[in-house]
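Subject: Structure handover

Hello,

Here is the structure I said I would pass on. My notes on it follow below.

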Amino acid sequence: MLKRLALLYFIGVFFACKTTRNQAKMSPEPYRPNFHFTPPSMWMNDPNGMVFFEGEYHLFYQYYPGSTVWGPMHWGHAVSRDLVHWEHLPIALYPDSLGLIFSGSAVVDWNNTSGFGQNGKPPLVAIFTQHLMEGEKAGRHDFQYQSIAYSNDRGRTWTKYRGNPVIPNTEHIHDFRDPKVIWNEESQKWLMVFAAKDQVKFWSSPDLKHWTHLSDFGKEWGAHGGVWECPDFFPMTVAGTNQKKWVLLQSLNPGSPNGGSGTQYFIGDFDGKTFSLDPACKESVSDGKALWLDWGRDNYAGVTWSDIPKPDGRRLFLGWMSNWDYAMLVPTKNWRSAMTIPRELTLEKTSAGLRVFSQPARELKRMRKGSYNIERQEVNENLDISQKSGFSPANMEVELEIEIPEGAKTTFGLVLANTKGETYRVGFDAVKNEFFSDRTHAGQRDFSKNFAEKIHTATRPGSQQTIKLHLFFDVASCELFADDGAVSMTDIFFPSENFERIGIFAENGSARVVSGKVYQLQGR
Ligand code: FRU
């Protein structure tokens, strides 16, 4: 109670101050983010077909142009040259007699193995699941299968392959979807991973048309609280070494640590046929335990871009910033859902073994318009940032390094507030050794009982004295990258009036700001 009173005081003092700054209430399109990708209108879910080709990052996505709730799936399409600005393009793939167009991937067929190329130029090939509604309604189990399509004009128009489906569902597995394909340098063949109920299947092909089953993985490992969907599989080099490992990303719904949809991962070796877990990873993914890519509730079905040029070499990732628990109920009007910011994944050695870290893609630095330094100081209650910097947390990046005195029981973090007394809090609890994201008082929440019933938490894996928080706030979302990406947490929220106030808070003790920087980011 005391804490909330202190907070209300903080909010009151701020809003009592006469500022010349325009205290934006709600924009004509409430909750439309400034720098996150959203569809122009209507329903969006998973990112699909992410591929880099001729200077463009392609982002296709699960799209229903007929409504703001899920419906017959198409692939929407956008391109970007810098991962910041996105150009919307016409719908790329429409449903056909074989079914709706579910999630999948795209590759550049550099050697024209498929024969789809023209005039010596490599084609783009999309590999996706088709879902036959009629089959599902008839109670059959073979209504999902894998199909392909190709483009010879930089992804602007697509032709479906006449031999579809390229992988029929002969085993009659109800959930049989979301193919992700890469070129496997070692075997000089295409490698596909897709989800089949509670495991993944690996298939191989010389030409993207003819596929052979290699192996299955996962029945006995990791979290199984829901159906497996949208896997991704790729080699990574352990940071600072030449050691190569393979990483499997695996979304599942429900079953994530803070509820609903989430993405786990596995680390191991691939011999061209079978994926075997790294011995050190086994312990972390046995008996239902899992390694989680993100501990918030709003990063799902994320996968990585294909064909990032070798000299760049990054593993760039993007996820759907929502959760099936409430995605169709969130209070946006003309569209539903945003994507996370693009992130770079790295494989790091930690005391607990190898771990996948997430960091914002460096391109996002270009969004910075102005910066404000937070001086080294002790915070005991609340330290205002917005008033001092003149920046709005509706559009902000924060970098903070904090130390808490030995043995202190401090909880500290950032608090966003508006004149309605609504708050969003994100930070670290020293007693529990947990990062947390608290949207329980952040505005609209009654649209779903699953939305804001509890504070989301993630145990801090490291024990460095300095705790690092790197955050992105964008009208209706927060993405936290803690301790250089060891923990990430992504959450959305819906204040009934924009959060215009941000401060650092410390409770039950003090926190020392070692360094801090706030950036105002470019708007729409
Ligand atoms: C994941 C998912 C995929 C499927 C798609 C349908 O969010 O359920 O498994 O392909 O969405 O839109």
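Ser-515 sits in strand β35, which covers residues 511–521. Please keep in mind throughout that this is a predicted model. The relative accessible area of Ser-515 is 30%, so this residue counts as partly exposed. In the sequence, Ser-515 is 115 residues away from Leu-400, yet the C-alpha atoms of the two are 5.9 Å apart in space.

The largest pocket has a volume of about 980 Å³. Its lining is made up of 31 residues, and those closest to the centre are Glu-185, Pro-235, Ile-308, Lys-310 and Arg-315. Several strands contribute to this lining: β1 (42–53), β5 (100–108), β9 (176–184), β13 (227–237), β14 (244–253) and β21 (343–350) each give at least two residues. The largest share comes from β21, with four residues. By residue class, the lining of the largest pocket has 17 nonpolar, six polar and eight charged members.

The second largest pocket has a volume of about 530 Å³. Here 24 residues form the lining, and Arg-355, Thr-459, Pro-461, Ala-486 and Val-487 are the closest to the centre. Strands β17 (291–292), β21 and β22 (353–360) each supply at least two residues of this lining.

The bond from Asn-164 to Pro-165 is cis, with omega near -5 degrees, and Pro-165 belongs to the loop between β8 (159–160) and β9. The bond from Asn-253 to Pro-254 is also cis, with omega near -10 degrees. Pro-254 is in the loop that runs between β14 and β15 (262–270).

The loop between β8 and β9 also holds His-172. The phi angle of His-172 is near 55 degrees, which is a positive value in a residue other than glycine. How accessible is His-172? With a relative accessibility of 45%, His-172 is classed as partly exposed.

Gln-188 has a phi near 55 degrees, again a positive value in a residue other than glycine. Its place is the loop between β9 and β10 (189–196). Gln-188 has a relative accessible area of 44% and so is partly exposed.

Which residues make the nonpolar surface patch? Val-69, Met-328 and Leu-329 form it, and the patch comes to about 220 Å². Val-69 lies in the loop between β2 (56–64) and β3 (74–80). Because its relative accessibility is 30%, Val-69 counts as partly exposed.

Regards

Terms used:
Residues numbered from 1 in each chain as written. Predicted model: local features only at pLDDT ≥ 70, side-chain atom pairs only at ≥ 80, totals over all residues. Heavy atoms only, no water. Patch = residues over 30% accessible without salt bridge, like charges linked within 9 Å, V, L, I, M, F, W, Y side chains within 5 Å. Areas by Shrake-Rupley, 256 points an atom, 1.4 Å probe, with all protein chains shown as cover. Salt bridge = Lys/Arg side-chain N within 4 Å of Asp/Glu carboxyl O. Buried < 20%, exposed > 50% of the residue type's maximum accessible area, 1.4 Å probe, protein only. 1 Å grid on protein atoms, 1.4 Å probe; cavity = no way out; pocket = protein on both sides within 12 Å on 5 of 7 lines; lining within 4 Å. Points joined across faces, edges and corners; volume = space filled by probe spheres on them. Nonpolar A, V, L, I, M, F, W, Y, C, P; charged D, E, K, R; others polar.
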